[in-house]
Amino acid sequence: VAAVLAGLSLLSLLTCGYLAWGSRRGGAGEAPGNLLGEQPAAGGPRSQPHIIFILADDQGFRDVGYHGSEIRTPTLDKLAAEGVKLENYYVQPMCTPSRSQLITGKYQIHTGLQHSIIRPTQPNCLPLDNVTLPQKLKEVGYSTHMVGKWHLGFYRRECMPTQRGFDSFFGSLLGSGDYYTHFKCDSPGICGYDLYENDNAAWDHDNGIYSTQMYTQKVQHILASHNPRKPIFLYIAYQAVHSPLQAPGRYFEHYRSINNINRRRYAAMLACLDEAIHNVTLALRKYGYYENSIIIYSSDNGGQPMAGGSNWPLRGSKGTYWEGGIRAVGFVHSPLLKNKGSVCKELVHITDWFPTLITLAEGQIDEDIQLDGYDVWETISEGRRSPRVDILHNIDPIYTKAKNGSWAAGYGIWNTAIQSAIRVNHWKLLTGNPGYSDWVPPQAFSNAGPNRWHNERVSWSAGKTVWLFNITADPYERVDLSARHPDVVKQLLRRLSQFNKTAVPVRYPPKDPRSNPKLNGGVWGPWFKEDDKKKKSDKSKGANKQKKSKNKKKAN
């Protein structure tokens, strides 16, 4: 047993261990392959940059060193300090919405994914008529690879990452799962394996390795095997720091003093993630990509305090439209930036990466693709004004839990029972039930278990379904101005109404019993077959013929 533990400990050290920034050798789980990258690519950098997009999962706004966290993130701090910190950067409050908007450049109301997330048992995925970011990059010669969490649906083979523009895929299809076994139970008895290589279950790669480490090894292998003279798009969607809260033992070392077990585990997970990103950066340098690369780092939504995440001093949490759910940690690091070491306070949204990266890649955006994102490269790199003046955070017509919401409360312009949120310039308007609204200070994590006594709670008057904040002056959403500025409320409600006229129907089908992994070899994967569709259509045609013949007989 001791020998096995020692072996695992050594593997952990190899995969997530720190190396000096200037080092050109060694590193986490060094991948086999050619040694192209021992020197930079000959002939100087190409005009098309290598694009590395790193998406963390459920990282809270405060959970990075440069936002004052007690969790050490030296890699993220250094990359951000040498790049451009995005301090007015917004994502969506949950996994699927943020990922869909990143990959299409469109708001949820324009893809039909405006309600909740895609569940494992739902016959649903990112609509196939949406052009994706990797598809556009492939058009201009990019090699496209995805490592990590997909969570954009998989009920049909056409929904899989390799069918949506990625040359290769290694990772999970679902929203969460065990970091070591890669198993996920959606409900009692509905359990399956969720680790894929391209279109097949990756049983051969299942060696009980922690997913953050395993994904980093895969990234290193891809970089070692690719020619750095050719542009690459690498989308790394880490599972961390989403629940379940699991981490290799040695990462708890610096956090024994944190009494709250969830916060302690979360800290260990984030420490490992920080080292993994350090090793990705080392691989970019080692194999000759770094000088012509753009590294973008983003969280997909706010942190979940009950699962160890902290958004302090912002209000709310993951799954809500308060700032704590949608304002994210984000930065760009690149030798190609003009204003390195700066802070961008201009408005930037996750939909903006689609047009920004396609333009940087010298690609074309078709006129018939109606995007909600903007090209913000000059805003980030040169400090210019953002072309973006508003953000539709969302309109969810299914989520109408605000019992007292009404058209009257919305001045006859909008039904305030509907959960929605919009930002226009300095103003932010919320309607319906925005979700968990506490401010959760660091002291809330001081005890062994979850403790809400330290939370700052607010009780609004019964029946309230509209809130208005000046986010520039009041980023923590402490002063509701809806009663003081009814004219502004009306303007924003009209803007919501205008957006809603462009919305497509919501896609949120009921679960399909055929999705059960027991029917698919114990694996979560595509279950909807075209044959089934044909059989159904044949049956319906047959039924129609029978009805017609019966009708003819009756007529005779």
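**Notes on the sheets and helix packing**

1. Buried here means under 20% relative accessible area, with exposed over 50% and partly exposed in between (1.4 Å probe, protein chains only). Strands (E, at least two residues) and helices (H or I, at least four) are DSSP runs, numbered from the N terminus. Bear in mind that this is a predicted model, where local features need pLDDT of at least 70 and side-chain atom pairs count only at pLDDT 80 or more, while totals for chains, interfaces and linings use all residues. Residues are numbered from 1 along each chain as its sequence is written, and side-chain values use heavy atoms, with hydrogens and water left out.

2. Who are E5's partners? On one hand, two bridges join E5 to strand E8 (residues 196-197), and that pair runs antiparallel; Phe-170 sits opposite Glu-197 in E8. On the other, strand E4 (residues 143-149) pairs with E5 in the parallel sense over five bridges, with His-145 opposite Ser-168 in E5. For pairing, DSSP has to find at least two bridges between the two strands.

3. Zooming out, these strands belong to an open sheet of 10 strands with mixed pairing, in the order E9-E8-E5-E4-E10-E1-E11-E12-E2-E13. Strand E9 (200-201) and strand E13 (342-344) are at the edges with a single partner strand each, so one side of each has no neighbour in the sheet.

4. Val-147, in strand E4, deserves a look. It is buried, at a relative accessible area of 1%. Leaving aside residues up to four places away in sequence, Val-147 touches Phe-170, Tyr-215, Lys-218, Val-219, Ile-222, Tyr-235, Ile-236 and Ala-237, where contact means heavy atoms within 4.5 Å. The C-alpha atoms of Val-147 and Ile-236 are separated by 4.9 Å, although the two residues are 89 apart along the chain.

5. Next, a helix pair. The axes of H5 (residues 211-225) and H6 (residues 261-286) come within 10 Å and cross at roughly 5°. Axes are lines fitted to C-alpha atoms, for helices over the stretch in contact, and angles run from 0 to 180 degrees between N-to-C directions. H5 and H6 are therefore roughly parallel to each other, the label for angles under 35 degrees. On the H5 side, the contact involves Thr-212, Gln-213, Thr-216, Val-219, Gln-220 and Leu-223; in H6 they meet Cys-272, Leu-273, Ala-276, Asn-279, Val-280, Ala-283 and Leu-284.

6. There is a second open sheet to check, with four strands in the order E15-E16-E17-E18 and antiparallel pairing. Its edges are strand E15 (390-396) and strand E18 (466-470), each with a single partner strand, so one side of each lacks a neighbour in the sheet. On average, neighbouring strands of this sheet are turned by 10° against each other, direction ignored. E15 and strand E16 (residues 419-424) run antiparallel, joined by six bridges, and the partner of Asp-390 in E16 is Val-424. Helix H10 (residues 486-500) packs on the sheet and touches E15, E16, strand E17 (427-431) and E18, its direction making about 70° with that of E17.

7. Last, helix H8 (residues 353-360). Seven of its eight residues are buried, so H8 is largely enclosed by the rest of the structure; those seven are Trp-353, Phe-354, Pro-355, Thr-356, Leu-357, Ile-358 and Leu-360. Just after H8, Glu-362 takes a positive phi of about 70°.

Definitions and conventions:
Angles under 35 degrees count as roughly parallel, over 145 as roughly antiparallel, 65 to 115 as roughly perpendicular and the rest as oblique.
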